[in-house]
Amino acid sequence: MRGAGGGANLLALRSHNTALVLDLLRTAGAEGISRLELAERTGLTPQAVSKITARLREEGLVAEAGRRASTGGKPRTVLRLVPEAGHAVGVHLDRDELRAVLADLDGTVVARRHAALDLGAGAKAVLGRVASVVGELGAEAAGVRSLLGAGVALPGPLDHRRGVLHRVTGFPEWDGFPLRDALSARLGGVPVVVDKDTNAVALGLAIGGEGGSFAYLHLGTGLGAGLVVGGSVHRGPRTGAGEFGHQVVQLDGPPCGCGDRGCVEALCLAAVARGETGEAARVLGTGAANLVGLLDIDRVLVGGRTVEGAPGVFLDGVRGVLEARARRTGEECVGVGLVSGESRVAEGAAQLVLAPVFGQDG
């Protein structure tokens, strides 16, 4: 598997006009789309489209998909995206496990890995494990031409723009660690994007067709939220939005790993540990109701390892709190849905690399 320098140039792909063309090619699928249609739908001149598609064909990203009859004149050549021409690795670093996927340009997963991980083992050990898994994925997937980059998603808080971790709850030793640059160096210069696990899932959902404004609440070894507002992931000016688990809902509540007391995360995890899943769901619903009141979102989605252990209980619990809120306010109750799949975070992490190639929010 070659690095980004050996295949498509990631920075060139991210030009606005090229992204418009690539997005339409991807949307068209195997049937393809003609240059004339690309020009009409992008607003670019036919000459500009011809230059862009010629370069993409040279790089192996685009190929002919046949010819299509036109209304007068010679048949039009139809072009299609070549999904296997580029790939991205998505890595989910949880507190106790690592999940990774290799996805092609369409976002289709072509290889997976799962391994135990101790996030507290130190940067050297964790980076070594990630580098090893990335190498295994490349070796397993036959025909991989180039690696556009690696997306890494893990618990926050962190600085998405600089790829620097802040004080991850329970792991203060990671505070200030430049994960993006350190991992890129370990991978031989492959571009790396770092974001919170919740944002990665939210991005994957938005790209997958989840419309409007919504919150994705992830309850696993911790609790966080990914927020999509107006179709884009909302990270905030310091990329710190979504620290949902550390909103205080009980002033005299139990201590939380963040140093505060009575946080939603601490209350949820304590209830789960006691076997009181229904109580955990109600606490999660209370936090969700706060979000609905603050942001006026359209939908609340829940997922994560703990939620998937009792999905019906969590859905009913969250929905019950939101319905009670709607009755009090006289507003229509927002929808509640389940997000399932063990590799959702890793797949979203791959989209941190792929989405900007197609002009989408990464």
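**Entry 1: Threonine 239**

I began with threonine 239, which is buried, with a relative accessible area of 2%. The model I am reading is a predicted one. I looked up the backbone of threonine 239 next and found phi near 55 degrees, a positive value in a residue other than glycine. I noted this down because most residues other than glycine have a negative phi. Threonine 239 sits in the loop that runs between β13 (232-233) and α8 (264-273).

**Entry 2: Aspartate 296**

I found positive phi at aspartate 296 too, with a value near 55 degrees. Is aspartate 296 buried or exposed? I read a relative accessible area of 62%, so aspartate 296 is exposed, since the cut-off for that class is over 50%. For its place, I traced the loop between α9 (277-295) and β14 (299-303).

**Entry 3: A cis bond**

Which peptide bond did I find to be cis? I found the one from glycine 156 to proline 157, with omega near 5 degrees. Most peptide bonds are trans. I placed proline 157 in the loop between β7 (147-154) and β8 (158-159).

**Entry 4: The whole chain**

I stepped back to the whole protein chain. I listed twelve helices and 15 strands. The chain has 362 residues, and a compact globule of that length would have a radius of gyration near 21 Å. I read 22 Å for this chain, which agrees. Along the principal axes, the C-alpha atoms fill a box of roughly 75 × 50 × 35 Å.

I then checked burial. Of the 362 residues, 51% are buried. I also looked at contacts with a separation of 6 or more, and 62% of them join residues 24 or more positions apart.

**Entry 5: Surface and charge**

For charge, I have 38 positive and 39 negative side chains. The centres of the two sets lie 6 Å apart.

**Entry 6: Nonpolar cores**

I turned to the inside. The largest nonpolar core has 45 residues. Val21, Leu25, Leu56, Leu105 and Leu205 have the most contacts inside this core. Which helix gives the most to it? I found helix α12 (residues 344-357), with nine residues.

**Entry 7: Threonine 306**

I found threonine 306 in helix α10 (residues 305-309). What does threonine 306 touch, not counting residues up to four places away in sequence? I listed Leu219, Gly220, Val272 and Phe314. I also took a distance from threonine 306 to threonine 286. The two are 20 residues apart in sequence and 17 Å apart in space, C-alpha to C-alpha.

**Entry 8: Alanine 48**

From alanine 48 to arginine 35, I read 9.9 Å in space, C-alpha to C-alpha. In sequence, alanine 48 and arginine 35 are 13 residues apart.

Definitions and conventions
Residues are numbered from 1 along each chain as its sequence is written. This is a predicted model: local features need pLDDT of at least 70, side-chain atom pairs count only at pLDDT 80 or more; totals for chains, interfaces and linings use all residues. Side-chain values use heavy atoms; hydrogens and water are left out. Helices (H or I, at least four residues) and strands (E, at least two) are DSSP runs, numbered from the N terminus. The radius of gyration is taken over C-alpha atoms; the globule rule is 2.2 Å times the number of residues to the power 0.38. Buried means under 20% relative accessible area, exposed over 50%, partly exposed in between (1.4 Å probe, protein chains only). Contact means heavy atoms within 4.5 Å. Lys and Arg count as positive and Asp and Glu as negative; His and the chain ends are not counted. The place of a charge is taken as NZ of Lys, CZ of Arg, CG of Asp or CD of Glu. A nonpolar core is a set of buried Ala, Val, Leu, Ile, Met, Phe, Trp, Tyr and Cys residues joined through side-chain atoms within 4.5 Å.
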